[in-house]
Amino acid sequence: MSRDASGGDRDYEGAVHWFQIAANKGNPYSQNALAQCFENAWGIEQDISKALLWYRSSAELDHAPAMWNLGRVFEQGIGVSVNEYTAFDWYGKAAERGQLEAMVSLGSCYLEGRGIKADSNVALELFNDASDKGSAEAMRQLANIYLLGEIVKKDCDLAAAFYRKAVDKGDPSAQFNFAMMLEKGQGTDRDRDAAIAWYQDAARQGHNSSQKRLLKLQMDW
């Protein structure tokens, strides 16, 4: 509650205090949360080494979000050398436990051939599964795939439908893409006013491309 400002002001230092107590008692959720604090310097001095130690401790206690974080760390090379194979392995472990972010990350690995031989069919299965379970990122990935039409037959109507699902979950990138389709009348009826409203919603979340588009349209947000 202190970290997320639930019921009061945000207090990262207070959050770290309680996370440390619970983490030292072996609570995997708190170990993962404490690692995030060390990684992002939330209420404590940044220390990537300690972040990695707590992520791994949490993952060894079968906490799927920590497994996903380890995959992300190795994919991006945060405090470690980039290793797509290790990233893929951690994403796979987290995805097996139903972690949505990991399912999407694993799908991207299969789509792009990172850490594994590319397999668009497996990627689509993972994206569809994560989308059905409510992942806005998976919905946006599917929309992008149908809009581009490189690994499936291009289908603007289906792309717009998936963007719309992600839009309803507040995904700013999906809001921008759906607004572009509305502005062009691509896969949906042309509606400039609705497009501007979605650009504005995304812009208020800090989405840079939406802000630039509104400036070009001479609109505020």
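Colleague: Which residues does Asp171 touch, not counting residues up to four places away in sequence?

Modeller: This is a predicted model, in which local features need pLDDT of at least 70 and side-chain atom pairs count only at pLDDT 80 or more, whereas totals for chains, interfaces and linings use all residues. Residues are numbered from 1 along each chain as its sequence is written, and side-chain values use heavy atoms, with hydrogens and water left out. Contact means heavy atoms within 4.5 Å. Leaving aside residues up to four places away in sequence, Asp171 touches Ala136, Glu137, Arg140 and Ala166.

Colleague: What is the relative accessible area of Asp171?

Modeller: Asp171 is placed in the loop between helix H9 (156–167) and helix H10 (172–184); helices (H or I, at least four residues) are DSSP runs, numbered from the N terminus. Buried means under 20% relative accessible area, exposed over 50% and partly exposed in between, with a 1.4 Å probe and protein chains only. Asp171 is buried, at a relative accessible area of 11%.

Colleague: With which side chain does the side chain of Asp171 make a polar contact?

Modeller: A polar contact is a pair of N or O atoms within 3.5 Å; within protein, one must be able to donate a hydrogen and the other to accept it, and residues adjacent in sequence count only if both atoms are side-chain atoms. The side chain of Asp171 reaches the backbone nitrogen of Ser173 at 3.1 Å. At 3.0 Å, the side chain of Asp171 also makes a polar contact with that of Arg140.

Colleague: Which backbone nitrogen does the side chain of Asp119 reach?

Modeller: Asp119 is found in the loop between helix H6 (100–112) and helix H7 (120–132). Its relative accessibility is 30%, so Asp119 counts as partly exposed. At 3.1 Å, the side chain of Asp119 reaches the backbone nitrogen of Asn121.

Colleague: Which residues touch the most other members of the largest nonpolar core?

Modeller: A nonpolar core is a set of buried Ala, Val, Leu, Ile, Met, Phe, Trp, Tyr and Cys residues joined through side-chain atoms within 4.5 Å. Not counting residues up to four places away in sequence, Leu34 touches Val16, Phe19, Gln20, Ala23 and Trp54. Among the 67 residues of the largest core, those that touch the most other members are Leu34, Leu106, Phe178 and Tyr199.

Colleague: Why do the buried residues of H12 lie on the same side, and how wide is their arc?

Modeller: In helix H12 (residues 208–216), the buried residues are Ser210, Gln211 and Leu214. The arc is that of the directions from the helix axis to the C-beta atoms. These residues are on the same side of H12 because they cover an arc of only 100°.

Colleague: Which helices do the buried residues of H12 pack against?

Modeller: The face of H12 turned away from the buried side carries the exposed residues Lys212, Leu215 and Lys216. The buried residues of H12 pack against H10 and helix H11 (192–204).

Colleague: What is the centre-to-centre distance of the aromatic pair formed by Tyr12 and Trp42?

Modeller: Rings of Phe, Tyr and Trp (its six-membered ring) pair if their centres lie within 6.5 Å; planes under 30 degrees apart count as stacked, over 60 as edge-to-face and the rest as tilted. The structure holds four aromatic pairs. The pair of Tyr12 and Trp42 is stacked, with 10° between the planes and a centre-to-centre distance of 5.5 Å.

Colleague: How many residues apart in sequence are the parts tied together by Tyr12 and Trp42?

Modeller: Tyr12 is partly exposed, with a relative accessible area of 27%, and Trp42 counts as partly exposed at 27% relative accessibility. Tyr12 lies in helix H1 (residues 12–24) and Trp42 in the loop between helix H2 (28–40) and helix H3 (48–60), so the separation of the parts they tie together, in residues, is 30.

Colleague: What is the distance between the charged end of Lys93 and the centre of the Trp90 ring?

Modeller: A charge sits over a ring if NZ of Lys or CZ of Arg is within 6 Å of the ring centre and within 35 degrees of the ring normal. Arg72 lies over the face of Trp68, at 5.7 Å from the ring centre. The charged end of Lys93 sits over the ring of Trp90, and its distance from the centre is 4.4 Å.

Colleague: What is the phi of Ala41?

Modeller: Most residues other than glycine have a negative phi. Ala41 lies in the loop between H2 and H3 and is partly exposed, with a relative accessible area of 39%. Although Ala41 is not a glycine, its phi is positive, at about 60°.

Note on methods. Helix = DSSP H or I, 4+ residues; strand = E, 2+ residues; numbered from the N terminus.
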